[in-house]
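My entries follow in the order I made them.

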Amino acid sequence: MKTRPLIPNAIIVDKTKELEKFQNETLRPIIKLLNDLLVVYFQNYAESKKIAIINATEEEKNKFITTTFLKDNQLKNEVKGFVIGHFSVEAYNFYKNSTKEINKRILGIIRQRILSFY
């Protein structure tokens, strides 16, 4: 298995909140590592919904991606599972104490990656 990539612009300073630190040291590297899988997974998801996302206009793509990440609980749970499956025990222990906020961050980062890909 690949090691997590470093995110050079993810600066951690003493004043950084714990959640921001977790996001920059754990979430972003894992999501970057999973980028290709997440893109292919979302492409397959769009095809299963009969959406030709490659041929859609920018507005249609943005609407479809944004709506999907707001409403499709199965997709949200699966992509969260991809990320959580790469946590260390220490990261998981931190996660379980701030699940709601970290889930928002996971989904937000992945949604932005998908939007920027298309």
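**Aromatic cluster**

I looked up the rings and found that Phe 42, Tyr 45, Phe 64, Phe 69, Phe 117 and Tyr 118 form one aromatic cluster. Rings of Phe, Tyr and Trp (its six-membered ring) are paired if their centres lie within 6.5 Å; planes under 30 degrees apart are stacked, over 60 edge-to-face, and the rest tilted.

**Basis**

I note that this is a predicted model, in which local features need pLDDT of at least 70 and side-chain atom pairs count only at pLDDT 80 or more, while totals for chains, interfaces and linings use all residues. Residues are numbered from 1 along each chain as its sequence is written, and side-chain values use heavy atoms, with hydrogens and water left out.

**Overall**

I listed six helices and zero strands in the protein chain, running α-α-α-α-α-α from the N terminus. Helices (H or I, at least four residues) and strands (E, at least two) are DSSP runs, numbered from the N terminus. Of the 118 residues, 41% count as buried; buried means under 20% relative accessible area, exposed over 50%, partly exposed in between (1.4 Å probe, protein chains only). Among contacts between residues at least 6 apart in sequence, 68% join residues at least 24 apart, contact meaning heavy atoms within 4.5 Å.

**Ring pairs**

I found 11 aromatic pairs in the structure. Phe 42 and Tyr 118 are both buried. I also looked up Phe 87 and Tyr 95, an edge-to-face pair with 5.5 Å from centre to centre and 65 degrees between the planes. Phe 87 is buried at 11% relative accessibility, and Tyr 95 is buried at 8%.

**H2 against H3**

The axes of H2 (residues 35-48) and H3 (residues 58-71) come within 12 Å and cross at roughly 95 degrees. Axes are lines fitted to C-alpha atoms, for helices over the stretch in contact, with angles from 0 to 180 degrees between N-to-C directions. Phe 42, Tyr 45 and Ala 46 of H2 meet Phe 64, Ile 65, Thr 68 and Phe 69 of H3.

**H4 against H6**

The axes of H4 (residues 73-84) and H6 come within 10 Å and cross at roughly 100 degrees. H4 and H6 are therefore roughly perpendicular to each other. The contact is made by Lys 76, Val 79, Lys 80, Val 83 and Ile 84 of H4 with Asn 103, Ile 106, Leu 107 and Ile 110 of H6.

**Leu 75**

I then checked Leu 75 in helix H4, which is buried at 1% relative accessibility. Apart from neighbours within four places in sequence, Leu 75 is in contact with Tyr 41, Phe 42, Tyr 45, Thr 68 and Phe 69. The C-alpha atoms of Leu 75 and Tyr 41, 34 residues apart along the chain, are separated by 9.5 Å.

Key
Parallel < 35°, antiparallel > 145°, perpendicular 65-115°, else oblique.
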